[in-house]
Amino acid sequence: MAYSYDPDNIFAKILKGEIPKKTVLETEHTLAFRDIYPQAPVHVLVIPKGPYVNFDHFAREATDAEIVDFTRAIGEICRKEGLEAEGFRLIANAGVTGVQDVPHLHVHILAGLPLGRMLSKP
């Protein structure tokens, strides 16, 4: 599958410094920042610095260094935010039916209150 990355999406603009952010963690390949419309007391967005549309695009085309850095960054954010004891939710939406609003891979780390089930059981 061919992926079409929009270099003018909001996260690309954040990476270029065109839009301000409240940085939680920055590494060689990853940027994490506070969501401007938090859905929980802790709501951090984590994005790779490379031009990846969604998680499967990233998993197929990112370098090993990018994948390791992104994964370790998520672990470090959870440690720094003190989420290991009580838990958290990690969400990555993809595509139209996955309700992905920004076409740049991003995961949401949500915590700080009981989040309930993501989907109802059938």
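Me: Buried means under 20% relative accessible area, exposed over 50%, partly exposed in between (1.4 Å probe, protein chains only). Where does K16 fall, buried or exposed or in between?

Reply: K16 is partly exposed, at 46% relative accessible area. This is a predicted model, so local features need pLDDT of at least 70 and side-chain atom pairs count only at pLDDT 80 or more, while totals for chains, interfaces and linings use all residues. Residues are numbered from 1 along each chain as its sequence is written, and side-chain values use heavy atoms, with hydrogens and water left out.

Me: Which residue does K16 bridge to?

Reply: D8. The two form a salt bridge (a side-chain nitrogen of Lys or Arg within 4 Å of a carboxyl oxygen of Asp or Glu). Their closest N and O atoms are 3.8 Å apart. D8 is partly exposed too, with a relative accessible area of 48%.

Me: How many salt bridges in the model?

Reply: Four. One of them joins K49 to E26, with the closest N and O atoms 2.9 Å apart.

Me: Where do K49 and E26 sit?

Reply: K49 is in the loop between β3 (42–48) and α2 (55–61), and E26 is in strand β1 (residues 23–26). So the pair ties together parts that are 23 residues apart in sequence. Helices (H or I, at least four residues) and strands (E, at least two) are DSSP runs, numbered from the N terminus.

Me: How accessible is K49, and E26?

Reply: K49 has a relative accessible area of 31%, which makes it partly exposed. E26 is also partly exposed, at 48%.

Me: Which residue does R79 bridge to?

Reply: E76. Their side chains meet at 2.5 Å, N to O. Both lie in helix α3 (residues 64–80), three residues apart, so about one helical turn separates them. R79 is partly exposed at 45%, and E76 is partly exposed at 27%.

Me: New topic, rings. How many aromatic pairs are there?

Reply: The structure holds five aromatic pairs. One of them is Y52 with F58, edge-to-face, with 5.2 Å centre to centre and 80° between the planes. The rule: rings of Phe, Tyr and Trp (its six-membered ring) pair if their centres lie within 6.5 Å; planes under 30 degrees apart count as stacked, over 60 as edge-to-face and the rest as tilted.

Me: Are Y52 and F58 buried or exposed?

Reply: Buried, both Y52 and F58.

Me: Which residues make up the ring cluster?

Reply: Y52, F55, F58 and F70. Ring pairs link them.

Me: Switching to H106. Where does H106 lie?

Reply: H106 is in a loop, the one between β4 (89–91) and β5 (107–111).

Me: Is H106 buried or exposed?

Reply: H106 is buried, with a relative accessible area of 6%.

Me: Which residues does H106 contact, leaving aside neighbours within four places in sequence?

Reply: F11, L45, V46, I47, I91, A92 and Q100. Contact means heavy atoms within 4.5 Å.
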